[in-house]
Amino acid sequence: MTTVYLVRHGEAAASWGEDPDPGLSELGHQQALAARDQLVQNNSASRLELISSPLLRARETAQPLARALKKTVRIDDRFREIPSPVPIEERQTWLRRFMRQTWAEQDEPLHAWRSAILQGICSLDAESVIFSHFLVINAIVGEHKGAEKTLVAWPANASISRIEVEQGKIQHVELGEQIESRVN
């Protein structure tokens, strides 16, 4: 059994409709430090592999833990935020609509995005931490629950969820802190 910790990035410095790749806000940096502290308490922290979405807010959330453990963060494009099929000024509206839909209503590119995430998770063979995004975590949790809805969880910024993977299947999910979130 392989344990994987999913860390949603800290609060972004700009909204999803303003900047395609914002870094962290001041609060986001504080949240990243709190996530580091929580993960360092793990008895096996020194053995953790660190993986991040290529987006800046996820990479900045990973940095405090990487420094504490003196490890390199491997960038994995499979764990990037959901690809938006619309221009930046229409992204928030599109995202709100997507989050009220089911997977059956989605086009092939979004199914491919979800499949890549699940393949990435199920291929891990070492205890790992993945720094990623709200909807990536939802894709993983939704698959475990067999949910048709695209939105099944509300992970807080820098929350840490734990999953167990065995023989290429997600066996257990323990959600981190949840919030009533708004899409910014």
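Trainee: Which residues of α5 are buried?

Mentor: The buried residues of α5 are Phe134, Leu135, Val136, Ile137, Asn138, Ala139, Ile140, Val141 and Gly142, where buried stands for under 20% relative accessible area, exposed for over 50% and partly exposed for anything in between, with a 1.4 Å probe and protein chains only. Please keep in mind that this is a predicted model, in which local features need pLDDT of at least 70 and side-chain atom pairs count only at pLDDT 80 or more, while totals for chains, interfaces and linings use all residues. Residues are numbered from 1 along each chain as its sequence is written, and side-chain values use heavy atoms, with hydrogens and water left out.

Trainee: And how many residues does helix α5 have, and how far does it reach?

Mentor: Helix α5 covers residues 134–145, which is twelve residues, and reaches 16 Å from its first C-alpha to its last, close to the 16 Å expected at 1.5 Å a residue. That expected span is 1.5 Å times one less than the number of residues. Nine of the twelve residues are buried, and α5 is therefore mostly covered. Helices here are DSSP runs of H or I with at least four residues, strands are runs of E with at least two, and both are numbered from the N terminus.

Trainee: Switching to aromatics, how many aromatic pairs are there?

Mentor: The count comes to four aromatic pairs. One of them joins Trp94 and Phe98, whose ring centres are 5.5 Å apart with the planes at 20 degrees, so the pair is stacked. The rule takes rings of Phe, Tyr and Trp (its six-membered ring) with centres within 6.5 Å, and calls planes under 30 degrees apart stacked, over 60 edge-to-face and the rest tilted.

Trainee: Where do Trp94 and Phe98 sit along the helix?

Mentor: Both belong to helix α3 (residues 91–98), and, being four residues apart there, they are separated by about one helical turn. An α-helix has 3.6 residues a turn, so residues three or four places apart point the same way. Trp94 is buried and so is Phe98, the latter with a relative accessible area of 2%.

Trainee: What does Phe98 form with Trp103?

Mentor: Phe98 and Trp103 form an edge-to-face aromatic pair, 5.7 Å centre to centre with 80 degrees between the planes. Trp103 counts as buried at 4% relative accessibility. Ring pairs link Trp94, Phe98, Trp103 and Trp113 into a cluster.

Trainee: Trp94 again: which residues line the second largest pocket with it?

Mentor: Along with Trp94, the lining holds Pro83, Ser84, Pro85, Gln101, Glu105, Gln106, Asp107, Pro109 and Leu110. A pocket, on a 1 Å grid over the protein atoms alone, is an open set of points where a 1.4 Å probe fits, with protein on both sides within 12 Å along at least five of seven lines, and lining residues have an atom within 4 Å of a point.

Trainee: How much space lies in there, and what classes of residue line it?

Mentor: About 150 Å³ of space lies in this second largest pocket, a volume being the space filled by probe spheres set on grid points that are joined across faces, edges and corners. The lining has five nonpolar, three polar and two charged residues, where Ala, Val, Leu, Ile, Met, Phe, Trp, Tyr, Cys and Pro count as nonpolar, Asp, Glu, Lys and Arg as charged, and the others, Gly among them, as polar.

Trainee: On to charges, how many salt bridges turn up?

Mentor: A search of the whole structure finds eight salt bridges, each being a side-chain nitrogen of Lys or Arg within 4 Å of a carboxyl oxygen of Asp or Glu. Among them, Glu164 and Arg162 meet at 2.4 Å, N to O, with Glu164 buried at 11% relative accessible area and Arg162 partly exposed at 22%. Another joins Arg80 and Asp77, with the closest N and O atoms 2.5 Å apart, and here Arg80 is partly exposed at 30%, as is Asp77 at 47%. Salt bridges also link Arg74, Asp76 and Arg78 in a network.

Trainee: Last topic, what is the phi of Lys70, and where is Lys70 found?

Mentor: Phi of Lys70 is near 55 degrees, a positive value in a residue other than glycine, and Lys70 is found in the loop between α2 and β3 (73–75), where it counts as exposed at 74% relative accessibility. Most residues other than glycine have a negative phi. Gln167 has a positive phi as well, about 50 degrees, and its place is in the loop between β5 (160–166) and β6 (169–174).
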